[in-house]
Amino acid sequence: LKQSCGDVYTKKLEGMFNDVKVSDERVPLFKSYCEQKGKNLDIDLQVTVLNDLYWPLSKQTEITLPKQLIPCIKTFEEYYLSQTDKRRLTWLYNQGSMVINHTMLDEKKRKRKIEITLSCIQACVLLLYNEATSYKFKEIREALGTTEEMLKFSITPLVFSKMRILANRGPEAKGRPKPQKDDDDDDEEGEGGADDGPGKISAASLQPDDVIQLITLRTGGKLKIAYPPGHVGMLASERDGMVKKNLEERVLKIELALVRIMKARGTLKQQELIAESTKQLIKYFKPDPRLMKKRIENLMERGFMRRDEEDQTVIHYQA
């Protein structure tokens with residue numbers, strides 16, 4: 001890949017592999033540090049430290065961690081600062097995952113331990129239920145200090161999936177109108193009112209005054225459950241932000257290619273300029289000819305090139 005595309009193309013990929021390798025090597029070193037300092041953590045923490053120059057990471061998600069997670073976070077920060085200089089950690093909680101053990105009584109009142117894999121934000125939500133069995137949606141948001149959009153995105157699989165562990169009891173726990181759902185998914189009758197089961201899910205499916213209650217988890221005999229990090233249709237802003245960032249990077253690469261070719265050739269027809277630029281850019285992405293035409297017009301307005309007065313298809317470079 002390096003031979004065919006060059007060092008510039010593979011530099012970020014090499015940086016990604018190196019970050020993962022170094023993070024794996026750091027795990028036993030962090031455990032040794034905890035033993036030396038006499039820090040007995042109740043949580044097995046594995047941190048992957050990523051360089052933001054290499055990874056297309058989304059913005060940081062603000063969240064107030066439950067008290068169970070704070071000691072391990074602070075301990076790793078102390079360890080990292082002792083190993084590095086002039087580097088600052090920014091925790092991306094929306095990118096991490098957790099495995100928690102959930103103890104429950106099955107249908108025959110036998111105690112069972114279920115291993116649940118879920119995102120960090122989802123784990124923070126469930127850890128709140130160690131203190132109480134129900135919260136209003138707005139109380140969860142206030143306790144975690146995150147945005148309503150992010151909380152709806154994260155909590156939706158816990159409330160609306162087939163093996164849900166939380167139930168939406170509606171305002172003041174009086175129940176909400178039931179959407180159409182499968183007969184075999186009729187949930188906990190007699191557990192405190194109607195709740196929204198699987199159906200058409202939207203941002204309106206959860207309201208600030210809705211009571212979110214911890215319910216008996218029906219696993220169908222499974223001892224391990226994995227929840228998706230969120231509902232794909234409910235975090236539009238982050239998705240739009242990534243698309244916008246990628247478009248900006250492509251526009252910059254297109255403009256650099258156009259100016260570089262015109263500087264070397266001096267005069268070219270527009271179609272020839274687009275064809276040569278496409279040959280240079282195709283190893284990175286497939287450029288849109290319409291976008292390239294728009295960038296040519298923009299470069300002309302900024303004085304990098306101009307059209308020939310007699311033949312409008314011919315473009316001249318000007319310094």
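## The S3-S5-S4 sheet

Three strands make up an open sheet in the order S3-S5-S4, and their pairing is antiparallel. The edges belong to strand S3 (134–136) and strand S4 (166–171), each of which pairs on one side only. From one strand to the next, the twist averages 25 degrees. This is a predicted model.

S3 pairs with strand S5 (residues 210–214) in the antiparallel sense, over three bridges. Which residue of S5 stands opposite Tyr135? It is Ile212. H6 lies across S4 and S5. Its direction runs at about 100 degrees to S4.

## Helices H5 and H6

H6 has a helix partner too. The axes of helix H5 (residues 137–144) and helix H6 (residues 148–160) come within 10 Å. They cross at roughly 110 degrees. Angles of 65 to 115 degrees count as roughly perpendicular, so H5 and H6 are roughly perpendicular to each other. The crossing of the two helices is right-handed.

Which residues make the contact? From H5 come Phe137, Ile140, Arg141 and Leu144. From H6 come Glu148, Leu151, Lys152 and Ile155. Sorted by class, the contact of H5 with H6 has five nonpolar residues and three charged ones.

## The S1-S2-S6 sheet

Another open sheet has three strands, in the order S1-S2-S6. Here the pairing is mixed. Why is one side of S1 and of S6 left without a neighbour in the sheet? Strand S1 (97–105) and strand S6 (224–226) stand at the edges, each with a single partner strand, so one side of each has no neighbour there. The twist in this sheet averages 25 degrees from one strand to the next.

Strand S2 (residues 111–119) pairs with S6 in the parallel sense. Three bridges join S2 and S6. To find a facing pair, look at Glu115: it stands opposite Lys224 in S6.

## Helix H4 on the sheet

Which strands of this sheet does helix H4 touch? Helix H4 (residues 120–128) packs on the sheet and touches S1 and S2. The direction of H4 makes about 140 degrees with that of S2.

## In brief

The S3-S5-S4 sheet is antiparallel, while the S1-S2-S6 sheet is mixed. H6 lies across S4 and S5, and H4 packs on the sheet with S1 and S2. H5 and H6 meet in a right-handed crossing.

How values were computed
Residues numbered from 1 in each chain as written. Predicted model: local features only at pLDDT ≥ 70, side-chain atom pairs only at ≥ 80, totals over all residues. Heavy atoms only, no water. Axes fitted to C-alpha atoms, helices over the stretch in contact; angles between N-to-C directions. Helix = DSSP H or I, 4+ residues; strand = E, 2+ residues; numbered from the N terminus. Parallel < 35°, antiparallel > 145°, perpendicular 65-115°, else oblique. Left-handed = near helix turned anticlockwise from the far one by under 90°. Contact = heavy atoms within 4.5 Å. Nonpolar A, V, L, I, M, F, W, Y, C, P; charged D, E, K, R; others polar. Pairing = 2+ DSSP bridges.
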